[in-house]
Amino acid sequence: MASSLIGGLLRQGFDAAHIHVADPDSGQLNRLIQRFKVHGFAENKAAVEGAQAVLFAVKPQVFRDAALPLASILSRNRPLIISIAAGVPMKDIGRWLGYPAAVVRVMPNTPALIGAGAAALCANQSVSEKQRTLAQKIFDAVGLALWIENEEDMNAVTAVSGSGPAYFFLIMEIMQDAARELGLPADVAGSLVRQTAYGAVRMAIESRDDLATLKKRVTSPGGTTAAALKILDSEALRKLFLQALTAARDRGSEISAGFGKEQS
Ligand SMILES: NC(=O)c1ccc[n+]([C@@H]2O[C@H](COP(=O)([O-])OP(=O)(O)OC[C@H]3O[C@@H](n4cnc5c(N)ncnc54)[C@H](OP(=O)(O)O)[C@@H]3O)[C@@H](O)[C@H]2O)c1
């Protein structure tokens, strides 16, 4: 995630000299320095010194350990804190840092790696307009960046766009397997499914028509698509998706609730 954000920022013309990176793994740190020509630091404290914004791209379970030693330096400089850690509530970040930090919590997704991410951003009350603009600029660099008002909605966002790429990969995998069952060679099945998904998504994004209209246009009465949709477009499938997204959202709530339980 950090690599994709750095790559996106550089593509948008950010100056590599203004990006400071820390990673406890020296091999990983060196790879980032060599690839992006950013300033690398073995120590987090040295990396955040004088920063305008500090982005924590660490796993949720190590966030607290990464944040606690930085509390005094960050409380002195008061930079914008950006967190992409899934499920870590903003109030816990403020609690670990020990001051009313300006925090923007973001749920990005993996297509950010190719500049086609979808991220939802949420700010706490301490975040200024200027800091909002900075956060927006960072995530605009790797795709779509939208603001949400309620932090509780982050779990629904996680269920939709955070985990979402996996649902699309699953559907493509199912279509690919079915295409093979129908006798197509593996490479043909794979290429047709991927390009069809790509074409459909581009049409959905570029067209002014809603999804139901786009679907209807492919479906001539009594034709092949109608035969398939008669089976697929069912209440059962809609219910299954609702159940799946609800399970993802609820798992997000469970993980978030776990963070408040440890000692500050
Ligand atoms: N991947 C996704 O699709 C996705 C989507 C949305 C949100 N996120 C969130 O993005 C965050 C990063 O995910 P990721 O997949 O990029 O994880 P990752 O590949 O494990 O990257 C985390 C990096 O942070 C480093 N790190 C660990 N402890 C640190 C510390 N104390 N100080 C500084 N750096 C430290 C890790 O180093 P080591 O390898 O040495 O531990 C590693 O290089 C997670 O919180 C995740 O919830 C990810």
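Reader: Which helix gives the largest share of the shell around the ligand?

Author: Helix H4 (residues 60–67) does, with 3 residues. Helices here are DSSP runs of H or I with at least four residues, numbered from the N terminus. The model is predicted, so local features need pLDDT of at least 70 and side-chain atom pairs pLDDT 80 or more, while totals for chains, interfaces and linings use all residues. Residues are numbered from 1 along each chain as its sequence is written, and side-chain values use heavy atoms, without hydrogens and water.

Reader: How many residues surround the ligand, and which are the closest?

Author: A residue is near a molecule if one of its heavy atoms lies within 4 Å of it. Here 19 residues surround the ligand, and the closest are Asp 23, Asn 44, Val 58, Ile 84 and Thr 110. The shell divides into 13 nonpolar, 3 polar and 3 charged residues.

Reader: What lies 2.6 Å from an oxygen atom of the ligand?

Author: A polar contact is a pair of N or O atoms within 3.5 Å. At 2.6 Å from a ligand oxygen is an N or O atom in the side chain of Asp 23. Polar backbone atoms also take part: one of Ala 86 is 3.0 Å from an oxygen atom of the ligand, and one of Met 1 is 3.1 Å from a ligand oxygen.

Reader: How is the size of an interface given, and what percentage of the ligand's accessible area does the protein cover?

Author: It is often given as the accessible area lost when the parts come together. Accessible areas come from the Shrake-Rupley method with a 1.4 Å probe. On its own the ligand has 890 Å², of which the protein covers 67%.

Key. Polar contact = N/O pair within 3.5 Å; in protein donor to acceptor, adjacent residues only side chain to side chain. Helix = DSSP H or I, 4+ residues; strand = E, 2+ residues; numbered from the N terminus. Nonpolar A, V, L, I, M, F, W, Y, C, P; charged D, E, K, R; others polar.
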